[in-house]
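Try each task before you read its solution.

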Amino acid sequence: MLYKNDVFEIAGARWRLLAANPLTDEAWIIKLEDAVALPRLKQLSEILAVAEIAKPAPSAVPVSPSARASQRALSHRDAAWDRIKPLVSNPGIFQPDERNRLIREHADSIECSHQTLYSALRKYWQGGQTRD
């Protein structure tokens, strides 16, 4: 079984599970080593049939990136979070057409480029859907 934010491999590529609905057999995933990746809708059953769950190294101790970040980096992180926070709470953000509309409208309302929002969202999704 895969859970939200689990990292798994398919054919050597690493992916993260963003959201899943077993009742509809749908899963939103994003490729991790892709600078222009966006969420993709796949069948959950197909993913489960071929995915290998990526295991962290036994010696890996999770440390929050903010624990060793500079004040400038933390300010940058907080600004990015403030820009995308309204978007990530909307389940429609995964749907390509809806995502495009939401991002363009939000970019206009906060006077920010849509590329900036896409970049911040990608980092958020690929990084485990956390503020850090």
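**Exercise 1.** Find the bridge partner of Ile-10 in S2.

Solution. Step one: go to S2, where Ala-13 is the bridge partner of Ile-10. Step two: place the strands. S1 covers residues 7-10 and S2 covers residues 13-21. Strands are DSSP runs of E with at least two residues, numbered from the N terminus. Step three: count the bridges. S1 and S2 pair antiparallel over 4 bridges; pairing requires at least two bridges found by DSSP. Step four: look at the turn. The hairpin of S1 and S2 has 2 residues between the strands, and Ala-11 in the turn has a positive phi of about 50°.

This is a predicted model: local features need pLDDT of at least 70, side-chain atom pairs count only at pLDDT 80 or more, and totals for chains, interfaces and linings use all residues. Residues are numbered from 1 along each chain as its sequence is written, and side-chain values use heavy atoms, with hydrogens and water left out.

**Exercise 2.** Find which residue of S5 stands opposite Phe-8.

Solution. Step one: locate S5 at residues 52-53. Step two: read across from Phe-8 to Ile-53. Step three: check the direction. S1 and S5 run antiparallel, joined by 2 bridges.

**Exercise 3.** Is Pro-96 buried, partly exposed or exposed?

Solution. Step one: find Pro-96 in helix H3, residues 96-110. Step two: apply the cut-offs. Buried means under 20% relative accessible area, exposed over 50%, and partly exposed in between (1.4 Å probe, protein chains only). Step three: decide. Pro-96 has a relative accessible area of 44%, so Pro-96 is partly exposed.
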